[in-house]
Amino acid sequence: FFFFQAEDGIRDVERSRGLGDVYKRQGDDNTFSLQDIKPKGATIMAYVPYPILTTGTPQSVGMDPKLLEKVDNLINTDVKNGFPGAALIITKNGKIVKKSVYGYARKYTDEGKLMEKFQDLKIDTMFDMASNTKMFASIISLMKLRSDGLLDYLKPVQKYIPEYKGCLLYTSPSPRDLSTSRMPSSA
């Protein structure tokens, strides 16, 4: 169910079509769009519950298991060449089709010395993601907007957010400039 908070309270769009053309579900790919929101400047917050994942096989979702073996080989090679470790979960169509760990959770002491016995990585090992979440959320959002034809990656940000005034280094960056932290060619 999708819940929207409008100025007059929370509405369950799946049960109540009271929002008219505001909500449009786009097939079975878990995407939706908000259109013709009125009055102008109104705020709508979407509450999307987490999906329920089940266990499946690569074949059950149309994936080739041999390709997943290549992923295993690639990550194991990186671990042999010094990469500390990785945890991998692949889902498709709401099914977990691969859940693997590679390498080590810890190879060095707090003083930076190589440990005699490495600490194995486990599927429930906690990682410090730091600012990586910002990068992933931004890039995936930009990719989705671009694939839907709603974003020209090379146009200035002001085309989409007129209020944007730029930043210290330049005033008319494109989404590409911002996502790669590079100076635009026009600067």
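**A lysine and its salt bridge**

Modeller: At 12% relative accessibility, lysine 98 counts as buried, because the cut-off for that class is under 20%. Please keep in mind that this is a predicted model.

Biologist: Which residue does the side chain of lysine 98 meet in a salt bridge?

Modeller: The general idea is to look for a side-chain nitrogen of Lys or Arg within 4 Å of a carboxyl oxygen of Asp or Glu. Here the partner of lysine 98 is aspartate 72, with an N to O distance of 2.9 Å. Aspartate 72 is itself buried, its relative accessible area being 18%.

Biologist: How many salt bridges does a search of the whole structure find?

Modeller: The search finds three. Another of them joins the side chains of aspartate 110 and arginine 106, at 2.5 Å from N to O. Aspartate 110 is exposed at 69% relative accessibility, whereas arginine 106 is partly exposed at 30%. There is also a salt bridge between lysine 144 and aspartate 148, at 3.3 Å from N to O. Lysine 144 is partly exposed at 33% relative accessibility, and aspartate 148 is partly exposed at 39%.

**Strands and their turn**

Biologist: How should I read the pairing of strand β7 with β8, and how many bridges join them?

Modeller: A general point comes first: in a regular strand, side chains alternate between the two faces of the sheet. In this model, strand β7 (residues 85–92) runs antiparallel to β8, and eight bridges join them. One example is isoleucine 90, whose bridge partner in β8 is lysine 98.

Biologist: What do β7 and β8 form, and how many residues are between them?

Modeller: They form a hairpin with two residues between the strands. Asparagine 93 is located in the loop between β7 and β8. Its phi is near 55 degrees, a positive value in a residue other than glycine.

Biologist: Is asparagine 93 buried or exposed?

Modeller: Asparagine 93 is exposed, with a relative accessible area of 63%.

**An aromatic pair**

Biologist: How many aromatic pairs does a search of the whole structure find, and how is such a result read?

Modeller: The search finds one pair. The reading rests on the distance between ring centres and the angle between planes, and an angle over 60 degrees counts as edge-to-face. The rings of tyrosine 104 and phenylalanine 118 have centres 4.9 Å apart and planes at 70 degrees, so this pair is edge-to-face. Tyrosine 104 is in strand β8 (residues 95–108) and phenylalanine 118 in strand β9 (residues 114–120), which places the two 14 residues apart. Tyrosine 104 is partly exposed at 29% relative accessibility, and phenylalanine 118 is also partly exposed, at 26%.

**Surface and overall arrangement**

Biologist: Which residues form a nonpolar patch on the surface?

Modeller: They are Phe127, Met129, Met135, Phe136 and Ile140, with about 500 Å² of accessible area together. Phenylalanine 136 is found in helix α2 (residues 132–147). Its relative accessible area is 44%, which makes it partly exposed.

Biologist: What may be said of threonine 180 and isoleucine 139, given their separation in sequence and in space?

Modeller: The idea is to compare the two separations. Threonine 180 and isoleucine 139 are 41 residues apart in sequence, and their C-alpha atoms are 9.8 Å apart. Threonine 180 is placed in helix α3 (residues 175–180) and is partly exposed, with a relative accessible area of 43%.

Biologist: What does the secondary structure of the chain come to?

Modeller: The chain has three helices and nine strands. Along the sequence, the pattern is β-β-β-β-β-β-α-β-β-β-α-α. Of the 187 residues in the chain, 20% are buried. The accessible surface comes to about 14300 Å², and carbon and sulfur atoms account for 56% of that surface. Among contacts between residues at least 6 apart in sequence, 29% join residues at least 24 apart.

Notes
Residues are numbered from 1 along each chain as its sequence is written. This is a predicted model: local features need pLDDT of at least 70, side-chain atom pairs count only at pLDDT 80 or more; totals for chains, interfaces and linings use all residues. Side-chain values use heavy atoms; hydrogens and water are left out. Rings of Phe, Tyr and Trp (its six-membered ring) pair if their centres lie within 6.5 Å; planes under 30 degrees apart count as stacked, over 60 as edge-to-face and the rest as tilted. Helices (H or I, at least four residues) and strands (E, at least two) are DSSP runs, numbered from the N terminus. Buried means under 20% relative accessible area, exposed over 50%, partly exposed in between (1.4 Å probe, protein chains only). Two strands pair if DSSP finds at least two bridges between them. Patches are made of residues with over 30% relative accessible area and no salt bridge: like charges are joined within 9 Å, nonpolar side chains (Val, Leu, Ile, Met, Phe, Trp, Tyr) within 5 Å. Accessible areas come from the Shrake-Rupley method with a 1.4 Å probe; for residues, only the protein chains shown count as cover. Contact means heavy atoms within 4.5 Å.
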